[in-house]
Amino acid sequence: CLFFYFHSLTLIKVENIFNNRKLLIATKHSKEKVIAPLMTQEFGMHCHLAENLDTDALGTFSGEIERKLSPLEAAREKCKLALLNSDFDLAIASEGSFGPHPAMPFVPSDEELVYIYDRKNNLEIWEANLSTHTNFDAKQVKTRKELQEFAADIGFPQHALILRKSSNDYSQIVKGITTAEGLQKAFDELIAIGEGVYAETDMRAMHNPTRMMVIEETLKKLIQKMKALCPHCSRPGFAVTEVRKGLPCAQCHFPTRQIYSKTIRCTGCGFEKEEFYPDGLQFADPMYCDICNP
């Protein structure tokens with residue numbers, strides 16, 4: 001990843017500070033399967049999995065351990081714990097959140113955040129990605145038939161299931177169920193001590209291929225940020241920090257809610273520039289205008 005800048009008549013070659021570095025991957029849920037190949041391909045990194053790292057201590061999707069940190073804070077903490085007593089100076093982690101889509105309450109969503117911390121250069125870069133591509137779901141069932149229908153809907157057995165007595169009972173919980181025999185056994189044991197069984201998708205990355213795909217999409221966006229160097233100081237992470245709406249309508253020229261400009265800023269030296277018409281359009285289609293199409 002070499003970048004070139006013109007200074008007067010001199011061509012200056014700038015190498016990305018992430019090239020050929022050792023990278024510690026802070027996960028216990030097999031995310032290295034998507035992280036390591038991409039980071040090796042894009043930066044020539046030498047990737048290693050953090051050993052004996054219990055990220056579940058920061059909270060679990062199934063709820064038996066409360067998640068108290070924000071996704072960004074949790075990813076930071078994962079990297080901090082991974083680097084503790086380590087000779088590595090570069091770590092990466094991700095954190096996911098699941099629930100109703102903020103703009104479409106009846107549609108489930110997966111918001112993934114991937115974060116990289118460079119202790120050597122005192123630099124952190126992250127990228128978040130909100131996706132409706134998820135099988136996040138849960139249901140209280142009373143019969144094997146109901147359970148089998150739910151399992152089919154979420155893509156079992158390629159996607160694992162979690163069973164427990166009820167949505168707020170964590171006393172008995174069976175995770176990572178990936179076989180019909182295991183599903184039946186867990187159901188029979190739980191239904192014998194209650195009136196129903198609470199079934200949910202296991203959202204841990206190693207048990208959810210759909211989620212792993214969204215993590216990969218998010219990582220690719222992060223990589224683009226890591227490759228974007230500040231024109232002033234060459235620091236990675238030269239990225240959009242502010243979006244300004246108000247692209248004029250092609251018919252009445254009234255400002256619309258379409259993007260008019262983006263501000264790109266360096267977190268290191270503070271250099272910034274405003275990019276007008278970032279989508280290549282100088283006017284918005286009247287269908288997006290509150291005056292022409294109220």
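**Aromatic pairs and a helix crossing**

Phe18 is buried, with a relative accessible area of 0%. Keep in mind that this is a predicted model.

**Aromatic rings**

- Counting ring centres within 6.5 Å as pairs, you get seven aromatic pairs.
- Phe18 teams up with Phe43 in an edge-to-face pair, at 6.0 Å centre to centre and 65° between the planes.
- Phe18 sits in the loop between strands E2 (10-15) and E3 (22-25), while Phe43 belongs to helix H1 (residues 32-43), so their pairing ties together parts 25 residues apart in sequence.
- Phe43 is buried too, with a relative accessible area of 2%.
- Tyr260 and Tyr277 also make an edge-to-face pair, because their ring centres are 5.6 Å apart and their planes lie at 90°.
- That one links distant parts of the chain: Tyr260 is in strand E13 (residues 259-265) and Tyr277 is in the segment after strand E14 (272-276), 17 residues apart.
- Tyr277 is partly exposed, at 29% relative accessibility.
- Phe61, Phe98 and Phe136 group into one aromatic cluster.

**Helices H3 and H4**

- The axes of H3 (residues 144-154) and H4 (residues 180-191) come within 11 Å and cross at roughly 135°, which means H3 is oblique to H4.
- The crossing of H3 past H4 is right-handed.
- On the H3 side, Arg144, Leu147 and Ala151 do the touching; on the H4 side, they meet Leu183, Gln184, Phe187 and Asp188.
- Sorted by class, this H3-H4 contact has four nonpolar, one polar and two charged residues.

Conventions: Residues are numbered from 1 along each chain as its sequence is written. This is a predicted model: local features need pLDDT of at least 70, side-chain atom pairs count only at pLDDT 80 or more; totals for chains, interfaces and linings use all residues. Side-chain values use heavy atoms; hydrogens and water are left out. Axes are lines fitted to C-alpha atoms, for helices over the stretch in contact, and angles run from 0 to 180 degrees between N-to-C directions. Helices (H or I, at least four residues) and strands (E, at least two) are DSSP runs, numbered from the N terminus. Angles under 35 degrees count as roughly parallel, over 145 as roughly antiparallel, 65 to 115 as roughly perpendicular and the rest as oblique. A crossing is left-handed if the near helix is turned anticlockwise from the far one by less than a right angle, and right-handed if clockwise. Contact means heavy atoms within 4.5 Å. Ala, Val, Leu, Ile, Met, Phe, Trp, Tyr, Cys and Pro count as nonpolar, Asp, Glu, Lys and Arg as charged, and the others, Gly among them, as polar. Rings of Phe, Tyr and Trp (its six-membered ring) pair if their centres lie within 6.5 Å; planes under 30 degrees apart count as stacked, over 60 as edge-to-face and the rest as tilted. Buried means under 20% relative accessible area, exposed over 50%, partly exposed in between (1.4 Å probe, protein chains only).
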